Amino acid sequence: MQEHYLKKELYEKINKDSTIFDFLEKNSLDGVWYWDLENSQNEWMSPKFWKVLGYEANEKEHLVSQWQELIFDEDLKKATENFKKHYSDITHPYDQIVRYKHKNGHTVWIRCRGNIIRNEDGKPIRMIGIHNDITTQKIAEEDLLSKNNELKAILDSSLSGILALESYYDEKGEIVDFIFTMANKEACRIVNLNEEQIIGQKLSKVHSGNFEPLDSLNGETLFDNYKRVVLSGESKMLEFYFENNGIKDWFRNKIVKNNDGFVCTFEVITQEKILQQKLEKKVKEEVEKQRNQEKILLQQSKMAAMGEMIGAIAHNWRQPLNTLSLLCIGLINQFENFSLNKNYLNKWMQRINKQLTFMSNTIDDFKNFYKPKEDFKEINLKDTVLKIVSLIQYELKLNKIKVNIDICDSIFLVCLENQLHQAIINILLNAKDAILENNIKDGKIIIYATKNNTSTILTIEDNGGGIKDIDILKRIFEPYFTTKQDSNGTGVGLYMSKIIIEQNLNGKISVKNINQGLKFKISIPNYSSPEILIR
């Protein structure tokens with residue numbers, strides 16, 4: 001190949017004009033040296049060679065010993081060994097990075113390259129070399145290395161596994177795999193592999209289970225989720241059970257996009273899951289236990305009210321039974337006087353049946369009140385309240401307690417009627433007992449209702465004296481808490497009213513002192529159909 005004319009021309013000009021070489025040495029190199037191998041102590045070093053090391057050219061002699069005093073001992077050994085290899089084999093490059101001590105005491109990093117010049121017989125006679133100051137680059141590299149080491153130390157100290165991966169594409173530009181670029185110690189421990197077995201490897205090779213559908217991820221694979229994060233840029237949190245590649249554990253992952261891949265922080269949460277499952281089981285058992293207890297309390301509440309109801313039934317039956325007795329005596333008298341005829345008998349039987357029907361209805365009301373199960377249905381609130389009051393009307397009249405009811409005929413709501421009965425009965429009986437215990441003359445209970453767009457509000461007021469102690473008033477709905485004297489109360493009535501209204505009917509109940517008594521407010525949501533309320 002013919003030598004380029006410009007190269008030839010440049011060499012000729014350098015031979016004729018030394019300023020050209022000076023220009024090259026000054027502006028493109030950080031030092032030139034020329035060594036006499038036949039007189040090995042003699043070596044010429046350019047002015048810039050010394051300037052890089054902090055010296056002026058006139059401070060130093062052109063001797064090999066001058067620069068050997070400044071080079072690091074281990075680097076001198078490395079340069080000497082490299083020189084011997086290059087000396088014996090011209091194809092072996094003389095090229096290494098060495099350190100020198102600057103005049104001011106700091107270290108100067110030099111890339112030193114050289115080439116041996118041989119005579120016609122192939123004997124080495126001279127060696128030419130150049131220096132390039134790479135101190136700035138080396139400092140930057142060391143700083144970066146230090147930061148990388150610091151970052152790695154931080155990552156390795158983490159109690160969570162941390163992995164970094166970059167995307168691997170097929171010829172169509174689709175992400176088909178990921179390649180590991182970083183793994184901290186905890187990640188290596190969890191996957192039971194060392195760093196050398198992970199870094200640079202494909203995800204599919206290291207852990208193929210990431211490409212298997214997981215039931216705990218609704219049939220998706222971990223790879224699907226990783227790919228979605230990379231493509232969308234949106235971070236993701238996952239909890240899943242992984243059983244593959246010798247691993248059987250629950251994991252929690254956080255995936256964050258990083259450049260053309262992602263960083264994944266993960267931890268084993270198997271013990272946490274086991275504890276969670278135990279707690280959930282315990283909570284379920286406690287909830288079931290609570291429900292059973294509430295059923296018992298509800299039954300206790302009904303039993304407590306039963307005595308009141310039986311007294312009401314006994315009174316409601318007493319007058320009809322007296323009437324039936326008189327009607328029967330009348331029939332006997334008519335029969336003995338031979339005055340009994342068919343018309344008289346029919347008339348008397350109608351009067352007897354009327355009394356029997358009244359007594360039967362009383363039993364039906366009592367029976368319905370104690371039905372164990374019922375469905376949501378639409379009721380007329382006024383009719384329901386009238387029915388409830390009729391069940392205890394005897395005791396109210398006996399104790400001269402008046403009941404005023406002011407409820408519009410058009411108010412309807414969907415609820416569990418018998419449970420609403422129970423809640424209201426408990427409040428009415430509580431009001432009756434308060435009036436009697438406080439010897440209130442002209443006892444009074446007022447019941448009224450309003451309805452808005454969202455709920456129906458039933459209010460029950462009494463003049464039974466109220467509860468002056470605010471702390472006691474706050475505890476009135478607690479189980480087994482009673483204000484009745486000599487422990488005559490069970491303490492479950494008002495508690496069950498609260499359970500029925502707030503849990504079973506999804507409403508609210510509250511109480512406060514007013515005038516000379518208490519005011520109970522019951523709020524029940526308006527529902528267009530019972531299905532909405534069923535939970």
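Me: Before we start, what does buried mean here?
Reply: Buried means under 20% relative accessible area. The structure itself is a predicted model.

Me: Where does that leave Phe262, buried or exposed?
Reply: Phe262 counts as buried, because its relative accessibility is 0%.

Me: Which ring does Phe262 pair with, and in what geometry?
Reply: Phe262 forms a stacked aromatic pair with Tyr226, at 4.6 Å centre to centre and with 25 degrees between the planes.

Me: Where do the two residues of that pair sit in the chain?
Reply: Tyr226 is in helix H10 (residues 222–232) and Phe262 is in strand E10 (residues 261–268). They are 36 residues apart, so the pair links distant parts of the chain.

Me: And Tyr226, buried or exposed?
Reply: Tyr226 is buried, with a relative accessible area of 5%.

Me: Which residues make up the aromatic cluster?
Reply: One cluster is formed by Phe178, Phe211, Phe223, Tyr226 and Phe262.

Me: How many aromatic pairs are there?
Reply: The count comes to 14 aromatic pairs. One of them joins Trp50 and Tyr55 in an edge-to-face arrangement, with centres 6.4 Å apart and 90 degrees between the planes.

Me: Why does Trp50 count as buried?
Reply: Trp50 counts as buried because its relative accessibility is 0%. Tyr55, at 14% relative accessibility, also counts as buried.

Me: Changing topic: which ring does the charged end of Lys273 sit over?
Reply: The charged end of Lys273 sits over the ring of Trp250, at 4.6 Å from the ring centre.

Me: What about Lys498, which ring face does that one lie over?
Reply: Lys498 lies over the face of Phe477, 5.4 Å from the ring centre.

Technical notes. Residues numbered from 1 in each chain as written. Predicted model: local features only at pLDDT ≥ 70, side-chain atom pairs only at ≥ 80, totals over all residues. Heavy atoms only, no water. Phe/Tyr/Trp six-rings, centres within 6.5 Å; stacked < 30°, edge-to-face > 60°. Buried < 20%, exposed > 50% of the residue type's maximum accessible area, 1.4 Å probe, protein only. Helix = DSSP H or I, 4+ residues; strand = E, 2+ residues; numbered from the N terminus. Lys NZ or Arg CZ within 6 Å of the ring centre and 35° of its normal.
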